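Biologist: I am new to this structure and would like to learn how to read the surroundings of a ligand. Could we go through it step by step?

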Amino acid sequence: MIARTAVLALLLATGVAAAQGLDWSADEVRAVLRHGPWPPPMRPDPSNRVSGKRDAIALGEKLFFEPRLSRDGRLLCASCHVPYRGWQDGRARALGLAEVDRNTPSVLNVRMQRWFGWDGAGDSLWAQSLRPILDAREMGASAAQAAALVRGDAEYGCRYRRSFGMAPEADDEAVLVGVAKALAAFQETLVSGRSAFDDFRDALARGDAAAAARYPRAAQRGLRLFVGKGACNACHLGPAFSNGEFHDTGVPFFIRGGVDPGRHGGIRRLQASAYNLLGRYNDDRSGAAATRTRHVALEHRNFGEFKVPGLRNAALTAPYMHNGSLATLADVVRHYSELDVERLHADGEAILKPLRLTPQDSADLVAFLESLTERESALGERQAALPCSP
Ligand code: HEC
Ligand code: HEC
């Protein structure tokens, strides 16, 4: 400690300190390295036989922007998952045919998720993609409408055949599932670009102090809080900054005079769904993909728990939390700083305590969160799909 202080004094005296990074301990470096590398490799989804297939991606991309997939012909997936707004809508709560109770999450990096929706009611990306098509408050369509669209459009029919190796089925529900699997294949390609944080993380991995020092000091201090005193990485873990699980962070869950049961309701909906991985539409014959679903168990503590959202590009996706109740990242940091422990209702939630951050600490945490913003969209390299005609 004495030696470190002496060196620091020397550096300050010579005016070099500003160009240096913080002094990172081996434990801190290990914690930081776990948030990369970025982007992670693509792994096809075994429950979706068209995952990673070119024609399915092209089909899914067209369908994502297809208004005829909604009851009134005016809503598309992209109405709420707006590409130029970080693939969400900027609203507190989504507005489809009616207002929904929850905030629209971004679909960037969605393939890194383990459960889908704020309550994890979906156990696959394709099952989750099917839900808004049928939900009366979102797109309000039906299997028959989706199937008729695909059968009646030459290009859709062509891509469907190339993706699935057969013409759209006679059974409407089977075609609806095919539509959802193509939508999933497209969304698997949506990955955020690299951020200032990634350059810092990789510089630490290489031991390249000069490159690491380019990461702004405020962001470095914020990162130190994130993996240290703040223990944010207890939940916001891994390359996408989510452990994929469900927690209670004391966000009020009252909605329109009722309550949003969060994960508790999600598990019930998951178990009741005909489209879960235990059902007939799971393409993974090995049964491995369904293991988590088979073992999910409803517990009292799940009440009021919500999925830990990823934090990449968070600066682009205000407002925050499952109900959009916090307007800015500074508000989110204040929420954790002034946490009302009385509100933590889930049994056994012992990770969180009010952090009582100084204004400087709070600003540093925000600077760190902002450094997770992609410098440029990774979607720039997309190739236009070749036309498909029978
Ligand atoms: C009316 C606005 C709206 C429309 C239209 C909409 N979504 Fe969503 N989307 C949401 C909301 C709100 C959620 C969160 C749902 C929940 O937690 O129950 C969500 C969640 C998702 C998720 C899960 C993300 C995650 O991180 O878990 C995926 C995937 C998704 N939507 C894909 C789609 C696709 C594909 C379409 C078109 C077929 C679509 N959405 C249409 C509002 C919308
Ligand atoms: C106990 C697990 C846990 C810890 C620890 C935790 N978070 Fe969270 N975080 C969550 C959950 C769960 C949500 C969503 C809560 C909701 O919607 O009701 C969330 C939401 C967020 C959001 C909003 C993201 C969005 O898109 O809406 C941000 C930003 C965030 N956390 C940052 C942090 C920071 C910074 C820390 C450390 C000070 C932290 N979190 C600590 C679980 C945690």
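Biologist: How many residues surround ligand 2, and which are the closest?

Modeller: Please keep in mind that this is a predicted model. A residue is counted here if one of its heavy atoms lies within 4 Å of the ligand. For ligand 2 there are 23 such residues, and the closest are Cys232, Cys235, His236, His322 and Tyr336.

Biologist: Which helix gives the largest share of the shell around ligand 2?

Modeller: That is H14, with 3 residues, and strand S4 (306-307) likewise supplies at least two. By class, the shell around ligand 2 divides into 16 nonpolar, 5 polar and 2 charged residues.

Biologist: What does the shell around ligand 1 look like by count and by class?

Modeller: Ligand 1 is surrounded by 30 residues, with Cys77, Cys80, His81, Gly117 and Lys307 the closest, and its shell has 16 nonpolar, 9 polar and 5 charged residues. A side-chain N or O atom of arginine 102 is 2.8 Å from an oxygen atom of ligand 1, and helix H5 gives the most to this shell, with 6 residues.

Definitions and conventions
Residues numbered from 1 in each chain as written. Chains lettered and ligands numbered in written order. Predicted model: local features only at pLDDT ≥ 70, side-chain atom pairs only at ≥ 80, totals over all residues. Heavy atoms only, no water. Polar contact = N/O pair within 3.5 Å; in protein donor to acceptor, adjacent residues only side chain to side chain. Helix = DSSP H or I, 4+ residues; strand = E, 2+ residues; numbered from the N terminus. Nonpolar A, V, L, I, M, F, W, Y, C, P; charged D, E, K, R; others polar.
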